[in-house]
Amino acid sequence: MPPKTTKAAAPRLPPLQKLRVRRPNQAQANPCVGIMTTMLGCWASSGYTAQGCMALEQSLRACMDQAKPKDQKKNTINYHLMRLYPRIRGAKKIDK
């Protein structure tokens, strides 16, 4: 006897008013945070004016003086979700 084949129904999305991604444009972490944490730890362990922390201070200043990258392009995921959601959801029933 041949095995039975069953067709899986296409998954349906729940009825949502909007389909959105929360905060798609999250800022990247600051690369200077690690250096600053190390410097503060050095100051806490050996005092504020310690000569051993001078190299960390210089590297933190160099990191902070670097030019910030230009603004990134805005993420368009929510625009495309809004535009394509009616096609994904299917035809809307009209209640009379």
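1. Starting with Cys42: its relative accessibility comes out at 16%, so Cys42 counts as buried, the cut-off being under 20%. Keep in mind that this is a predicted model.

2. Cys42 is bonded to Cys53, with 1.8 Å between the two sulfur atoms. The pair ties together parts of the chain 11 residues apart in sequence, since Cys42 sits in helix H1 and Cys53 in the loop between H1 and H2. The S-S torsion is about -90°, so this disulfide is left-handed. As for Cys53, its relative accessibility is 0%, so Cys53 is buried too.

3. Searching the whole structure turns up two disulfides. The other pair is Cys32 and Cys63, whose sulfurs lie 1.9 Å apart. This one links distant parts of the chain: Cys32 belongs to the segment before helix H1 (33-46), Cys63 to helix H2, and 31 residues separate them. Cys32 and Cys63 are both buried, and their link is left-handed, with -95° about the S-S bond.

4. Now the charged side chains. The tally is one salt bridge, and it joins Glu57 to Arg61 with an N to O distance of 3.7 Å. Both residues are in helix H2 (residues 54-65), four residues apart, or about one turn of the helix.

5. Is Glu57 buried or exposed? Its relative accessible area is 14%, so Glu57 is buried.

Methods:
Residues are numbered from 1 along each chain as its sequence is written. This is a predicted model: local features need pLDDT of at least 70, side-chain atom pairs count only at pLDDT 80 or more; totals for chains, interfaces and linings use all residues. Side-chain values use heavy atoms; hydrogens and water are left out. A salt bridge is a side-chain nitrogen of Lys or Arg within 4 Å of a carboxyl oxygen of Asp or Glu. Helices (H or I, at least four residues) and strands (E, at least two) are DSSP runs, numbered from the N terminus. Buried means under 20% relative accessible area, exposed over 50%, partly exposed in between (1.4 Å probe, protein chains only). A disulfide is a pair of cysteine sulfur atoms within 2.5 Å.
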